[in-house]
Amino acid sequence: MAVIGNIDPWADQFPQDQIPEIIQLILDSWRTFSIPAKRLEVPITCKLCAHLRRNQNRSVQLFRIAYEAYIMDSEGEVTGRIDLKFSQGFDENVYFSLECKRLRVRPHSRFDTLANKYVTQGMFRYFTGQYAKGLNKGGMLAYIMDGEVEAAIYDVTKSVEKNRIPLYMGSDDTLCISRLSSQQVRETYHNYGPDSRFMIYHIFLPAQLTKN
C-alpha cells in the first residue's frame, strides 16, 4: 500500500496535518466501540487503544499509537506517563499526547461532574513539565459517562475559567469551538511553550452512545 504524505523523521514538533487524522480516527472508532464492563478510565483507554490500532488507515494516518507511555528526562528520571501517545519520527520526545479522563459519573449514587479533576489532574500536567516538554500541542480525551456532551463542555468551560492563571490563559480566554468540524471537539490556547503558544485539543466522547 502506498503511503500518502511525507514523514520528517527528525521533526521537532508533531506534524499539525496529522492532528485532524487522529481526531477523526477517534470519532469514527468511538461509534463502533464497546465500553468494557468495568466502566473506569484505565480499561476504557486500554481497549480503545486496541480499537484505534485496528481501525487506523496507515496510508494517511502516519503515526504509531502507544498506551501508557512513560516519559523520561535526559537523566532517565520518569517525569510522566501518557495515556495515549501518538508518534511517527525517530525522536521519542516528539509526540502528540492524550490525557484521558471520565466526566459526569455517579459513584455510589452520588453525581460528580469531575470537571475540576479534568483540569487540575489533566490539563495542568501540560504545564508542570510532565507532558509535552518543548512541544506546542497536546490533547484531552473525555469519556462522558452520562452521555451529556453539552453539559460536560459547560462543566469543563467553567472549571477552565476558574483556573486561567495556572493554565497560562488570558483573562478572557476560554474553551473555544474548534476549527475542526465536529461539535465534540474544543480547543484552548495557552501562553506557554517554545513559542509561548500551546494548544490543547479537547475531544468529548458520549459513553451512552456506545454498545454495552
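The accessible surface of the protein chain comes to about 10800 Å², and 50% of that area belongs to carbon and sulfur atoms (Shrake-Rupley method, 1.4 Å probe). This is a predicted model, in which local features need pLDDT of at least 70, side-chain atom pairs count only at pLDDT 80 or more, and totals for chains, interfaces and linings use all residues. Residues are numbered from 1 along each chain as its sequence is written, and side-chain values use heavy atoms, with hydrogens and water left out.

**Overall build**

- The protein chain has 4 helices and 7 strands (DSSP runs numbered from the N terminus: helices are H or I, at least four residues; strands are E, at least two).
- From the N terminus on, the order of elements is α-α-β-β-β-α-β-α-β-β-β.
- The radius of gyration of the protein chain is 17 Å, which agrees with the value near 17 Å for a compact globule of 212 residues (taken over C-alpha atoms; the globule rule is 2.2 Å times the number of residues to the power 0.38).
- Of the 212 residues, 48% count as buried (under 20% relative accessible area, 1.4 Å probe, protein chains only).
- Among contacts between residues at least 6 apart in sequence, 60% join residues at least 24 apart (contact means heavy atoms within 4.5 Å).

**Pockets**

- The largest pocket holds about 190 Å³ of space (a pocket is an open set of points on a 1 Å grid over the protein atoms alone, with protein on both sides within 12 Å along at least five of seven lines). A volume is the space filled by probe spheres set on the points, which are joined across faces, edges and corners.
- Of the 13 residues lining the largest pocket, Ile-71, Met-72, Asp-73, Thr-79 and Lys-133 are the closest to its centre (lining residues have an atom within 4 Å of a point).
- The second largest pocket, with about 150 Å³ of space, is lined by Glu-41, Lys-101, Arg-102, Leu-114, Lys-117 and Gln-121.

**Cavities**

- The structure holds 2 cavities of 30 Å³ or more (a cavity is a set of points where a 1.4 Å probe fits but cannot get out).
- The largest cavity has about 60 Å³ of space, and its lining includes Asp-8, Pro-9, Phe-90 and Val-94.
- The second largest cavity has a volume of about 30 Å³ and is lined by Glu-41, Val-42, Thr-45, Tyr-67, Glu-68 and Asp-83.
- Helix H2 (41-55) and strand S1 (64-72) each supply at least two residues of the lining of the second largest cavity, and H2 gives the most, with 3 residues.

How values were computed: Buried means under 20% relative accessible area, exposed over 50%, partly exposed in between (1.4 Å probe, protein chains only).
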